[in-house]
Amino acid sequence: MGLKLKGYDGNGTFAHGVHPPGRKGLAKDAPIRVMPTPGSVVLSLHQNIGGPCEPVVKPRQKVGWGELIGKGTSFVSTTLHASVPGVVQRSMRTTLANGRHMDTLPIKTDGEMPSDRALWDEIFGGSWPTTGLDAYDPVQISRDISDAGLVGLGGAAFPTHVKISPNDKKPVHTLVVNGCECEPYLTSDYRLMLEAPAPIVTGALLAARSVGAERIVIGIEDNKMPAVEAMRKAADGTGIQVAVVKTKYPQGSEKHLIYAVLKRPVPLGGLPADVGVAISNVATMAAVARAVIHKKPLTHRVISVTGGGIANPSNVLAPIGISFGSLIEFCGGLTPDAARLVAGGPMMGFAFSNPDTPVTKGAGGLTVMSKEEVKAGEESACVRCGKCVDACPMNLVPTKIALASRHQDIALSRRYNIMACFECGSCAYTCPAHIPLVQLIRAGKARLVAADRG
């Protein structure tokens, strides 16, 4: 079945980018396993891009699974729900995997909830309608998404209701569903497309209705053909189309996937809505279906636990707020040559050292890298080879941005369009001088934002 879309020429790619080793074979054939209910979870009050939420519960209060425990403080914010039944503990300050210090609500588990296959069926099982969805009001769909506390599960953690809501000022004609999962090692989206394609399809149909999109396209890289076939089968008769795009990093970036599928360039500093497109991740679509059809909040997500430093690479359905250390233990522990913990994948993830760090909604993976996998040379001077420029999918000059950041020159950083960088890591991957370009750019962004806030 070929994709027949106006503006799609079949090559499914974009300019620049890189081809890092995929290393997905470690976990791609590992079916999703359900994590046993932990003794406790630690839930950050800031789980998304935008504003944090405020607690609506008090210490020693008993809560049920899925009960509201935090409300958003702004439109670009989300609600928070208990991922286990239990007793709320005193709020504490916790360092997340991205290095940010956030207020958190610990919950000590106390009570019964579904486990193993029953939990899987509760979240992804049952029938998912593909007809009769016109009965759902677009505004109510967006409200249900907001009430469920959904964020983009592909890693960005942008509040989903902000993306998936009616917008008369910027009409949307196409919903693009991102099934690329281009980050090396990670396979949670791939396994979800294989094992639970039905809620993804239902969620996409509901999201399209909410934004008023007439077309739905699911983009999947050509190294995931079993997922392509699974999604085509599940979408048969719905009008949803599956576009097979070339395997290249960062194909899963929203602007680059939109271009690869529709050949519509999103302007620098612009949003997908500027070209009539809404885009969201496949796991997010499954969560949308559950939020709208069953009125259930986001409490669990599928996480890849992989890398050469983990004994049993796996894909795990786990509660939000569980510790990364618990995931490691569930997957057989560390190998003797384990050397680095990365929340996410090696290109855009965050290295951290404390295994007690809690999982947040946007954490789609834990990559445990071996000593061999983290081998890197020492930083040296930039030789102006231009490799970072050739690799940058945003047509920036990363070395100039990083240099401006290193010298704390905010005006120059702004002139070089530092905020247009989405930190994909292509530049750092190609840099022969091993300059920490992404880290420097991240620091420069934080400095610029702080300056703008005064």
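1. Buried means under 20% relative accessible area, exposed means over 50%, and partly exposed lies in between (1.4 Å probe, protein chains only). By this scale E229 is partly exposed, with a relative accessible area of 45%, whereas R232 is buried at 17%.

2. The model is predicted: local features need pLDDT of at least 70, side-chain atom pairs count only at pLDDT 80 or more, and totals for chains, interfaces and linings use all residues. Residues are numbered from 1 along each chain as its sequence is written, and side-chain values use heavy atoms, leaving out hydrogens and water.

3. A salt bridge is a side-chain nitrogen of Lys or Arg within 4 Å of a carboxyl oxygen of Asp or Glu. Searching the whole structure gives 16 salt bridges.

4. E229 and R232 form one of them, at 3.8 Å from N to O. Both residues belong to helix α6 (residues 225-235) and are 3 residues apart, about one turn of the helix. Helices here are DSSP runs (H or I, at least four residues), numbered from the N terminus.

5. E221 pairs with K224 in a salt bridge whose closest N and O atoms are 2.9 Å apart. E221 and K224 are both buried.

6. D452 and R414 also meet in a salt bridge, 2.9 Å from N to O. This pair links distant parts of the chain, with D452 in helix α14 (residues 437-453) and R414 in helix α12 (residues 410-415), 38 residues apart. D452 is partly exposed at 49% relative accessible area, and R414 is partly exposed at 41%.

7. Salt bridges also join E423, R442 and K445 in a network.

Definitions and conventions:
Helix = DSSP H or I, 4+ residues; strand = E, 2+ residues; numbered from the N terminus.
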